[in-house]
Amino acid sequence: MKDKVLIVDDSELNREFLSDILEDDYELLLSENGFDALIQMKNNLNDIALVLLDLVMPEMDGFKVLSYMKKYNWIQDIPVVIISSDFSAENIEKAYELGAEDFINRPFNVSIVKRRVSNLITLYAKQKKLKNIVTQQIYEKEKRSNLMISILSHIVEFRNGESGLHVLHINNITEKLLHSLVRNHEDIRLSSSEIALIRTASSLHDIGKISIPTEILNKPGRLTQEEFEIMKTHSQIGSDMLSSLKLGKKDPLIQVSYEICRWHHERWDGRGYPDGLKGDEIPLSAQVVSLADVYDALTSERCYKKAIPHEEAMQMILDGKCGAFNPKLLAALIDIEDDLKEETYKYVPSDAASEVDDAVKVLQNYDELSVTNQMMEQLEIEQKKISFFTDKLSNITFVYNANLDMIFFSKKDALRLNAPEVVLNPLSNKGIISEEHKKALEEFIELAKNTTCEKPDFEFECNLTIDGEEKICHCICRTMWLMKTKAEFAGVVGIINQERNVEDKQQVFSINGVNTKEEYYKMSFAQARTMVEELKKVFDVVRFVDVETNKIISIDEKNNIHTSPYSCYSLWERTGKCQNCTSHKAKASKSSTTKFEYVNNEFYYVISEYMEVDGNPYVLELVSKIKENFEVALYGKTNMSQTIEDLQKKLYTDELTGVYNRRYLEDRMYRDKNICAVAMVDLDYFKNVNDKYGHFVGDVILSETSKVMLESVRSKDMVIRYGGDEFIIMFSEISRSIVEMRLNQIRLNIQNTLLKNTGIERTCSIGCAFGSCSVEYLLQEADKMLYEAKKTRNRVSVWFEGDEEDDNKRVL
């Protein structure tokens, strides 16, 4: 079978000339622009042996093509030869930096073109073969190693009467703790391969228990002192087993496993066993597994105890009831608290899934290896299966890849939508999709952003032109997530159901058979009265209004019309007609209009719908007071929710930083009874930044500071910009020990992140108040503590309600 060569040149003459030179030896693919070339590469990724690429082209030039190939790592497996008549030093240097392998001048020399193409294809074929061999060897080696480790550790778990999940939990918690340490401490440097090594070695932490008598291992009650001394020997027995190995003693896996086996019961204050090591005398690997082991032992059921809830386990560890641990590790435990609570025990993979997961992680640690042919072939098979099934569906299907920022349609569906099969950078790619489709796409992406890996599904309606006709469509979508250290958004799959033609407008309310295809609604008095009664179950106010007289109209049981003595605007405590009267607009346009009303510090949402009741023109007004978890069951739910959300953002969001503003504090937080801690954060000497660098740099510093705080608190905590460079953090349902730990971590994170992201060294001072008193009182005390902290700067000062006068202030 011939190798495939892709020729990319906007000149038809050049493409034909190169085709004449190469067609006898290679299978040729031709593209006249960069965008089409990327689609060809994506569809033939595992088959293209070489790309001949022009630099100057319309729509997308050669440099842009190289950039995308580099971004998606295609350049590692597909050699690129630049064909051009413009070989300036600047162009050559830029092309080399982007991954080009060689250059061919125009006009072409036949023998040179043939020789360079042949040499590069041969060279890359040898490299691919070597990579596949090495990758397969690594895969088999790691698979065997992990399998043996898994067998050994599960033998221990089986003897210990446990479920076997203990090892998996220790693996996961260890990995999360290590990633947190690396993220938050520059002095802790661990590569991804070193983290994977410690994670694997943690499986053997209790291997010494294989020699402990079963009656002690599985004793349901408390161990005697003598039995406990026997149990303690498992750490030394395990390390002795590993040190007695005649082969592989110097293997990093054995060395790290030895550290973990022997010292995972040592404690930071020197009160552990077997050697009484203290502080950093204990290897980091053993420290991390020790904390992971304690947390899992507390939160898992054992033959001698019931499982303890997450919150109680965290409090016991942080209060020192399980021994002393490295403060950095405790901060890391707090950092991953949400992951532990929500994810650790939800994911219990099958044996097959575990093997694949382990293999992938090992391969990822070898940066010099690209994706193997074996994996690519499997992906290609999966794609073909998906294509077969989707082609049989009458509905339109699509896939959005977030990493590539591309939307993929099948050939059949692309024709029906009059769109390309692949839409690259859909929101910024002008002319590729219609404005109508772009509007639907914007709504789709916004809804996708609001999903989570726990709640990945969403639905929405939009207008799309399908088969040349404008349709009202219902879209059902599911977001996809990669489960790495934290869940990472990967894309969306979706189905588009055609509902009806736009011109066939359906009745929104379908009560007692009322149905019409008019642009407005016609009904009898009886139907109108029944409809009002039904709608009152949903809305706070339902009424008919005569817009000519501004009077409220009611219908009695005998279907007689009555006019209220009150004008419609009395609902809003006004003495005259509203300036923004949506009912007049609805009547004038014979359609519906909406608005917000703000009265007595409360928001109301108003829908005005033009109707004809027994031939009389009225406007139906639906009014709802906006409150928490507000939903509308019968009308405009999607649009209304979006409008409310947009309004709330404008009202309560600080434009510069994106966190809540002072209005939010005053309108909402003073009434929140769950707040138990309030912290005030102030950047040290911030005025100097504005004076030295200007207000633009100052704004960047404030934005970065808010991001750090948002990333450092839990989802139920609130970050508020109080004014200038002063922020407030509101904590709900949190213990005093965790508050101290988290605030100190926020202080360090702000200092490290600002220096890293802006190059400007800046610290902060934090004052905090903790207690069950009112939010106003906590704010007053937090302000006093901020004053204390600013005396020395870069400090955290905390006040605790109920402590003795001399002891109620703590400076960290």
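I call a residue buried under 20% relative accessible area, exposed over 50%, and partly exposed in between. The model I am working from is a predicted one.

**Entry 1: salt bridges**

I began with K791, which is exposed at a relative accessible area of 54%. I found K791 in a salt bridge with E788, with the closest N and O atoms 3.5 Å apart. E788 is partly exposed, at 27% relative accessibility.

Next I looked up D684 and R793, whose side chains form a salt bridge at 3.8 Å, N to O. I placed D684 in the loop between β19 and α24, and R793 in the loop between α27 and β23; the two are 109 residues apart, and the pair links distant parts of the chain. D684 is buried at 1% relative accessibility, whereas R793 is partly exposed at 23%.

I then checked R183 and D335, which meet through their side chains in a salt bridge of 2.8 Å, N to O. R183 is in helix α6 (residues 165-184) and D335 in helix α14 (residues 327-335), so this bridge ties together parts 152 residues apart in sequence. I noted R183 as partly exposed at 46% relative accessibility, and D335 as partly exposed at 26%. The count for the structure came to 25 salt bridges.

**Entry 2: aromatic rings**

I counted eleven aromatic pairs. For Y400 and F444 I have ring centres 6.2 Å apart and planes at 85 degrees, so I logged the pair as edge-to-face. Y400 is buried with a relative accessible area of 10%, and F444 is buried with 3%.

F444 also pairs with F458: the ring centres are 6.0 Å apart and the planes are at 40 degrees, which means a tilted pair. This pair links helix α19, which holds F444, to strand β9 (residues 457-466), which holds F458; the two residues are 14 apart. F458 is buried as well, with a relative accessible area of 8%. I recorded one aromatic cluster formed by F398, Y400, F409, F444 and F458.

**Entry 3: nonpolar patch**

I looked for nonpolar surface and noted a patch of about 180 Å² made by V399, M480 and V493. V399 is found in strand β6 (residues 396-401). V399 is partly exposed, with a relative accessible area of 33%.

**Entry 4: cysteines**

How many disulfides does the count come to? The count comes to zero disulfides. I took C768 as a case: the closest cysteine sulfur, in C676, is 9.1 Å from the sulfur of C768, too far for a bond. The cut-off I needed here is 2.5 Å between the sulfur atoms. C768 is buried at 0% relative accessibility. I also looked up C773, which is buried with a relative accessible area of 19%.

**Entry 5: helix α12**

Helix α12 (residues 284-299) has 16 residues. I have 23 Å from its first C-alpha to its last, close to the 22 Å expected at 1.5 Å a residue. Of the 16 residues of α12, 14 are buried, so the helix is largely enclosed by the rest of the structure.

**Entry 6: P565**

Is P565 buried or exposed? P565 is exposed, at 69% relative accessibility. I placed P565 in strand β15 (residues 561-567).

Notes
Residues are numbered from 1 along each chain as its sequence is written. This is a predicted model: local features need pLDDT of at least 70, side-chain atom pairs count only at pLDDT 80 or more; totals for chains, interfaces and linings use all residues. Side-chain values use heavy atoms; hydrogens and water are left out. Patches are made of residues with over 30% relative accessible area and no salt bridge: like charges are joined within 9 Å, nonpolar side chains (Val, Leu, Ile, Met, Phe, Trp, Tyr) within 5 Å. Accessible areas come from the Shrake-Rupley method with a 1.4 Å probe; for residues, only the protein chains shown count as cover. A salt bridge is a side-chain nitrogen of Lys or Arg within 4 Å of a carboxyl oxygen of Asp or Glu. Helices (H or I, at least four residues) and strands (E, at least two) are DSSP runs, numbered from the N terminus. Buried means under 20% relative accessible area, exposed over 50%, partly exposed in between (1.4 Å probe, protein chains only). The expected span of a helix is 1.5 Å times one less than its number of residues. Rings of Phe, Tyr and Trp (its six-membered ring) pair if their centres lie within 6.5 Å; planes under 30 degrees apart count as stacked, over 60 as edge-to-face and the rest as tilted.
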